[in-house]
Amino acid sequence: MPTPLEKWVEETAELTGPKKIYFCDGSDAEARVLIEKGISEEKINGKPVFSRLNQTLWPNSYYHQSHPNDVARTENLTFVCHSHKDTAGPNNNWMDPAEAKMKMTILSRGVMRGRTMYVMPFVMGHPDSPFAKFCVQVTDSAYVAVSMRIMTRMGKVAAERIGSRADFIKGIHSIGELDPNKRFIMHFPEENLIWSIGSGYGGNALLGKKCISLRLASWIGRNEGWLAEHMIIIGIEDPGGKVSYVTAALPSACGKTNLAMLRSALPGYKVWTLGDDIAWLWVDKAGQLRAINPETGFFGVAPGTSPKTNPSMLDTLKAGSFFPTLFTNTAINLDNNEPWWEDLTKDYPAHLIDWQGNKFTPSPDKKAAHANSRFTVSIKQCPTLAKEYDSPQGVPISAIILGGRRTTLVPLVYESFNFAHGVFCGSMIGSETTAAQAGAVGLLRRDPMAMLPFCGYNMGDYFSHWLDFGKKMVNPPRIFFINWFRRGENGKFLWPGFGENIRVLKWVIERAQGKAGAVETPIGFVPDAKSFDTSGMDLSLENLDKLFAVDHKGWDAELKDAKIFFEKFGSHVPQELRNELVTLEKRLKVT
Ligand code: OXD
Ligand code: MN
């Protein structure tokens with residue numbers, strides 16, 4: 001008798017027609033074979049899937065070049081197919097599930113012809129965690145198979161637990177023809193199924209990441225009473241050795257990975273890393289908020305990663321272990337066969353090819369690496385990995401940080417008045433778009449809790465879920481807001497960022513402990529001059545004022561825009577948030 005897993009694989013193979021089916025065991029030896037196949041057999045856009053990089057300088061590292069039309073998440077081709085459109089909400093593209101399945105069935109017929117179908121059982125979360133999700137993805141890409149082994153607990157560990165069970169989450173993935181007209185990333189929350197065709201890009205193809213751990217998990221979490229969030233998890237150790245854990249949400253390509261691995265500029269403080277992209281949060285029996293990272297690797301943006309911005313990531317990338325490290329769409333320094341991207345070194349290497357393999361001559365309007373070029377690396381190589389990272393029970397969370405990328409208006413840091421007010425502020429966050437999603441960069445859009453592209457159901461209902469979730473906690477953590485990106489009139493950043501960001505984290509944990517002082521403003525509490533540590537820093541008082549300034553007129557205009565956003569969700573917006581909106585409007589008028 002075939003198990004449900006075997007039966008599903010057989011049916012999927014019948015539809016997609018691969019020349020071979022291979023069950024992944026997740027071993028080191030297997031990863032080597034897949035890489036060799038990617039070097040010598042499999043091709044993308046006529047080029048080998050992998051090429052070997054300098055193994056002395058970048059141990060166990062490989063290079064991958066994607067199709068030039070397949071370099072970022074494609075939100076316009078991503079659908080969440082609940083049976084009712086209203087359940088998906090205006091924040092998601094929607095298609096009737098039967099119609100979507102028909103479409104995907106037609107597109108999938110024979111789509112793996114001539115290729116190997118890799119079958120990957122995997123777990124999101126520690127297998128012993130009550131929140132672990134057991135999943136199986138099939139793919140016809142060796143790049144995806146190797147990446148999934150880095151990013152998830154893949155292979156035997158999952159296969160054994162799934163055994164003859166039928167309740168695993170299913171993912172079907174094929175790169176298809178890499179044709180944007182035949183590219184769809186479809187979610188079927190009611191069937192625990194993801195179906196993705198036509199893209200090999202991480203966010204579209206590594207289904208454990210955005211598709212399962214955020215879109216599907218957010219829906220499961222809503223039904224079961226927990227949260228799946230686009231958040232890092234870190235521990236902040238103070239000079240007395242006390243570690244406080246916090247989560248932080250920022251939109252894609254806004255520095256989450258750098259924050260997760262921050263090297264402190266303040267003596268005595270240290271940041272421990274638990275996750276750089278996704279957190280699952282729940283309230284334990286004692287009413288305490290806890291979090292786990294369901295992933296096991298980093299899929300990070302390469303440009304902007306440098307010895308200055310994130311030295312720990314460079315150590316991670318060069319650490320070498322039995323997990324390979326992958327570089328996708330970076331440039332290559334031909335002299336040493338090394339990956340290269342803007343800012344990695346001060347000067348351009350003498351002989352460089354760009355992310356598409358063309359000889360690169362430096363010029364002010366051209367970049368050698370794609371702006372969304374990426375690395376994929378095991379979290380186990382991270383020198384600041386927290387010892388609790390692998391704990392099935394996760395860590396207790398003392399503060400929640402939310403943020404966005406704003407050139408103007410939003411202070412460096414502020415704190416909401418209470419949990420419900422924090423949910424309100426989080427629900428109206430605006431952020432300027434980045435290269436992590438296809439489309440224009442730098443446009444302001446509302447991105448509540450950095451979840452706009454990842455919430456698997458109606459965002460109005462998501463806000464209610466957050467409010468209900470807050471009520472479960474004995475002592476809900478305070479909610480803070482950050483913006484590293486505020487600029488002065490001269491266009492220059494007001495805040496140096498990176499290692500100096502520890503000063504913001506210090507204020508956050510001291511506020512959570514009821515120690516640091518603050519000034520009340522209409523939007524929330526901002527640090528008072530005495531409580532915000534600028535010791536040893538070269539920051540003018542004028543800039544400090546500008547960083548914390550609250551521009552009433554600007555916030556009034558922001559509220560108007562937020563109202564338009566809220567109206568999209570109609571009756572799904574909870575009354576509590578509407579009340580907060582009116583209260584803020586009044587506070588801005590009075591002061
Ligand atoms: C990511 C993203 O890849 O948010 O993490 O796009
Ligand atoms: Mn992300």
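Welcome! A search of the whole structure turns up 29 aromatic pairs. Keep in mind that this is a predicted model.

**Aromatic rings**

- Phenylalanine 532 belongs to the loop between strand 32 (524–527) and helix 14 (541–548), and phenylalanine 548 to helix 14, so the pair ties together parts that are 16 residues apart in sequence.
- Phenylalanine 532 counts as buried at 3% relative accessibility, and phenylalanine 548 is buried with a relative accessible area of 11%.
- Ring pairs can also join up into a cluster: Trp219, Phe424, Tyr457, Tyr462, Phe463, Phe565, Phe566 and Phe569 are linked in this way.

**Charges over rings**

- Lysine 101 lies over the face of phenylalanine 188, at 6.0 Å from the ring centre.
- Lysine 210 lies over the face of phenylalanine 454, and here the distance from the ring centre is 4.3 Å.

**A buried helix**

- How many of the residues of helix 5 (residues 142–151) are buried? The count is 10 of the 10, so helix 5 is largely enclosed by the rest of the structure.
- The buried residues of helix 5 include Tyr143, Ser147 and Arg149, as well as Val144, Ile150 and Met151.
- Which residue caps the N-terminal end of helix 5? Serine 141 does, with a side-chain oxygen 3.2 Å from the backbone nitrogen of tyrosine 143.

**Two residues with a positive phi**

- Asparagine 60 is not a glycine, yet its phi is positive, at about 55 degrees. You can find asparagine 60 in the loop between strand 4 and strand 5, and with a relative accessible area of 12% it is buried.
- Alanine 253 also has a positive phi, near 60 degrees, in a residue other than glycine. Alanine 253 is placed in the loop between strand 15 (243–249) and helix 9 (256–260) and is partly exposed, with a relative accessible area of 30%.

- The largest pocket has a volume of about 1,200 Å³. It is lined by 50 residues, and those closest to its centre are Ala253, Gly255, Pro303, Gly304 and Arg405.
- Which element gives the largest share of the lining of the largest pocket? Helix 9 does, with four residues.
- By class, the lining of the largest pocket is made of 21 nonpolar, 17 polar and 12 charged residues.
- The second largest pocket holds about 330 Å³ of space. Among its 19 lining residues, Glu75, Pro90, Asn91, Arg445 and Leu452 are the closest to its centre.
- The lining of the second largest pocket divides into eight nonpolar, five polar and six charged residues.

**Cavities**

- There are six cavities of 30 Å³ or more.
- The largest cavity has a volume of about 160 Å³. Of the 19 residues that line it, Val410, Tyr414, Cys425, Ile429 and Trp555 lie nearest its centre.
- Helix 11 (419–427) is one of the elements that give two or more residues to this lining, and its three residues are the largest share.
- The lining of the largest cavity has 12 nonpolar, five polar and two charged residues.
- The second largest cavity contains about 90 Å³ of space. It has 14 lining residues, and the closest to its centre are Pro251, Ser252, Gln437, Arg445 and Asp447.
- In the second largest cavity, the lining divides into four nonpolar, six polar and four charged residues.

Methods. Residues are numbered from 1 along each chain as its sequence is written. Chains are lettered from A and ligands numbered from 1 in the order in which they are written. This is a predicted model: local features need pLDDT of at least 70, side-chain atom pairs count only at pLDDT 80 or more; totals for chains, interfaces and linings use all residues. Side-chain values use heavy atoms; hydrogens and water are left out. Buried means under 20% relative accessible area, exposed over 50%, partly exposed in between (1.4 Å probe, protein chains only). A polar contact is a pair of N or O atoms within 3.5 Å; within protein, one must be able to donate a hydrogen and the other to accept it, and residues adjacent in sequence count only if both atoms are side-chain atoms. Rings of Phe, Tyr and Trp (its six-membered ring) pair if their centres lie within 6.5 Å; planes under 30 degrees apart count as stacked, over 60 as edge-to-face and the rest as tilted. A charge sits over a ring if NZ of Lys or CZ of Arg is within 6 Å of the ring centre and within 35 degrees of the ring normal. On a 1 Å grid over the protein atoms alone, a cavity is a set of points where a 1.4 Å probe fits but cannot get out, and a pocket is an open set with protein on both sides within 12 Å along at least five of seven lines; lining residues have an atom within 4 Å of a point. Grid points are joined across faces, edges and corners, and a volume is the space filled by probe spheres set on the points. Ala, Val, Leu, Ile, Met, Phe, Trp, Tyr, Cys and Pro count as nonpolar, Asp, Glu, Lys and Arg as charged, and the others, Gly among them, as polar.
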